[in-house]
Amino acid sequence: WHQTERQPKGGENMAKVLIIGAGGVSSVVVHKCAQAAEVFDEIVLASRTRARCDAIAADVKERTGRSIETAQVDADNVPELVALIKRVKPQLVMNIALPYQDLHIMDACLECGANYLDTANYEPLDTAKFEYKWQWAYDDRFREAGLTALLGSGFDPGVTNVFAAWVVKHELDEVNVLDIIDCNAGNHGQAFATNFNPEINIREVTARGRYWEHGQWVETDPLSWSMDYDFPDGIGKKKCYLMYHEELESLALHLPGLVRARFWMTFSDSYINHLKVLGNVGMTRIDPVKFHGQEIVPIQFLAALLPDPASLGPLTKGRTCIGDRLEGLKDGSKKIFYIYNICDHEACYREVGSQAISYTTGVPAMIGAKMIAEGKWKKPGVWNMEQFDPDPFMHDLNIYGLPWKCVAVDEKN
């Protein structure tokens, strides 16, 4: 199920896009938007630190020959966002900033009449709990404004949602059991580092686990459940830990027949041990503490000490494997499918100067934006990825660097 032909150019769908955020994922998004010149004719990149935007723009210019406009903006400041969006006049704002800033950027988009896209759902700064209710509450306002808001257009969430929708459309009448399994089999050689924003990563990993079963949520202690999974294409067996991940919340609503849905992620023993020690000494706390007469948040201090995820690109070797295992019924018979992508860290670095964790999030963000720009996923309201036709998105995954495979699984094996 591999498509390789390139889609025709869509000149009538040219779009101006404003990208907010200048981290590792944003760098990939800008590079991939620049590659898709037939869709994105103007690209503006803004962040709190303009120098980071300028560095990304310089690399894009060197690699693609395209010039990117840069700007400075505080994404926590709605009037600043509004002023920038009104000046730039983009058709779409891509929020590749922090999840704490989602609502601010959505407010600004509504005020300015711009479509909206993000890669991660809203999370309050003072509570390590992410859920969609805050963003879903914007649905009526986006409908009334005639604007599209696309939530979670990364890999997980994002591609994992579209994988499930594609299997339901083409292979299963209903999905009863869903396991989303995220494996990073890469190695960056550092004693302890996170592959994306350290604060967000550690908050996510140290939160209580949660999964959907028989119409309700079941909670577990953090990283208390694990399984061994044998990954394809020579990656082999890895230990995976049950976590809560936001796509479970929307998929539990939108997948017909779902009885159980879980999310798993691989971690090395060294990573887990470091995390436990840091937690034991209070370094993963998200509440402020007094230190020499001023307040600091331990996890933010820790994030400042750890390697910048963007610096891991040239150091990381190996591959990622992220996919869905789905059990369900087709014409009354039980079937199991595994649909997945494998991404090579070194190949990503050669192409865009980033490792595969950033790449696998940044490419789907660009494709989601492309779906809106081309009108294929443009519909007033607030939407999750699985609510649209998966086929054009799945086609573009193969075109823009994230080829996928879907295989039938023998239950006995």
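Guide: Happy to. Keep in mind that this is a predicted model. A disulfide is a covalent bond between the sulfur atoms of two cysteines. Here the count comes to 0 disulfides.

Visitor: Are Cys 112 and Cys 240 buried or partly exposed?

Guide: Cys 112 is partly exposed, at a relative accessible area of 23%. Cys 240 is buried, at 0%.

Visitor: On to charges. How many salt bridges are there in the whole structure?

Guide: A search turns up 23 salt bridges. Take Asp 74 and Arg 48, whose side chains meet at 3.2 Å, N to O. Asp 74 sits in the loop between β3 and α3, and Arg 48 in the loop between β2 and α2, so the pair ties together parts 26 residues apart in sequence. Asp 74 counts as buried, at 19%, while Arg 48 is partly exposed, at 47%.

Visitor: Which residues are linked with Lys 370 in a network of salt bridges?

Guide: Glu 374, Lys 376 and Asp 396. Within that group, Lys 370 and Glu 374 have their closest N and O atoms 3.0 Å apart, and both are buried.

Visitor: Last one: which residues of helix α11 are buried?

Guide: Pro 298, Ile 299 and Leu 302. Seen down the axis, the buried residues of α11 fall within an arc of 95°, so they line one face of the helix. Their cover includes α8, α10, β13 and β14.

Methods:
Residues are numbered from 1 along each chain as its sequence is written. This is a predicted model: local features need pLDDT of at least 70, side-chain atom pairs count only at pLDDT 80 or more; totals for chains, interfaces and linings use all residues. Side-chain values use heavy atoms; hydrogens and water are left out. Buried means under 20% relative accessible area, exposed over 50%, partly exposed in between (1.4 Å probe, protein chains only). Helices (H or I, at least four residues) and strands (E, at least two) are DSSP runs, numbered from the N terminus. The arc is that of the directions from the helix axis to the C-beta atoms. Contact means heavy atoms within 4.5 Å. A disulfide is a pair of cysteine sulfur atoms within 2.5 Å. A salt bridge is a side-chain nitrogen of Lys or Arg within 4 Å of a carboxyl oxygen of Asp or Glu.
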